Amino acid sequence: MTDTKFPRLTAGSDARHAACDVMVEIIRSWAAEGQAHSYSTLSALMKESGYSVPHRGPLMSALLEEACRAEAGRGVPVMPTAIVVNKHSRRPSGQFEVLAKKEPFRRGDLPNWTWKAEKDRVFDHYHK
């Protein structure tokens with residue numbers, strides 16, 4: 001059942017682009033503070049901003065990928081979603097590492113690359 005208080009975030013819609021922009025801003029602020037946070041925290045902040053993005057499932061994964069790709073399109077040399085982690089394991093989901101192996105990122109295949117190194121690069125890039 002769709003929650004009608006929130007816009008539908010269908011692929012390519014203006015609402016989806018706006019939700020991605022909000023997600024990027026949230027993640028940038030966390031990175032500037034040097035803090036990683038959970039998917040559930042991101043979900044709650046998205047909801048406060050007017051977008052229903054469950055912390056589990058394909059919508060969260062898709063928006064995180066879109067956020068990485070949006071930042072890459074702006075010339076950002078890091079994958080900002082490295083700092084969005086599972087509450088219990090304190091690691092990103094498996095989808096993050098799959099994305100790291102795709103274009104334009106292609107770092108997941110590099111020897112000695114780890115998500116922890118990417119996380120540190122995110123903090124270094126956005127630190128104010």
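Cys20 is buried, with a relative accessible area of 6%. This comes from a predicted model. Cys68 is buried too, at 0% relative accessibility.

Cys20 takes part in no disulfide, and Cys68 is in no disulfide either. From Cys20, the nearest cysteine sulfur is that of Cys68, 9.3 Å away. From Cys68, the nearest is that of Cys20. A disulfide needs the two sulfur atoms within 2.5 Å. By this rule the count comes to zero disulfides.

| Cysteine | Relative accessibility | Nearest cysteine sulfur |
|---|---|---|
| Cys20 | 6% | Cys68, 9.3 Å |
| Cys68 | 0% | Cys20, 9.3 Å |

**A pair of packed helices**

Two packed helices are described by the angle between their axes and the distance between the axes. Here the pair is H1, residues 14-33, and H2, residues 39-48. Their packing angle is about 125 degrees. The axes lie 10 Å apart. H1 and H2 are therefore oblique to each other. Their crossing is right-handed.

Which residues in H1 and H2 meet? H1 brings Ala19, Val22, Met23, Ile26 and Trp30. H2 answers with Thr41, Leu42, Leu45 and Met46. In this contact of H1 with H2, eight residues are nonpolar and one is polar. No charged residue takes part in the contact.

Methods. Residues numbered from 1 in each chain as written. Predicted model: local features only at pLDDT ≥ 70, side-chain atom pairs only at ≥ 80, totals over all residues. Heavy atoms only, no water. Buried < 20%, exposed > 50% of the residue type's maximum accessible area, 1.4 Å probe, protein only. Axes fitted to C-alpha atoms, helices over the stretch in contact; angles between N-to-C directions. Helix = DSSP H or I, 4+ residues; strand = E, 2+ residues; numbered from the N terminus. Parallel < 35°, antiparallel > 145°, perpendicular 65-115°, else oblique. Left-handed = near helix turned anticlockwise from the far one by under 90°. Contact = heavy atoms within 4.5 Å. Nonpolar A, V, L, I, M, F, W, Y, C, P; charged D, E, K, R; others polar.
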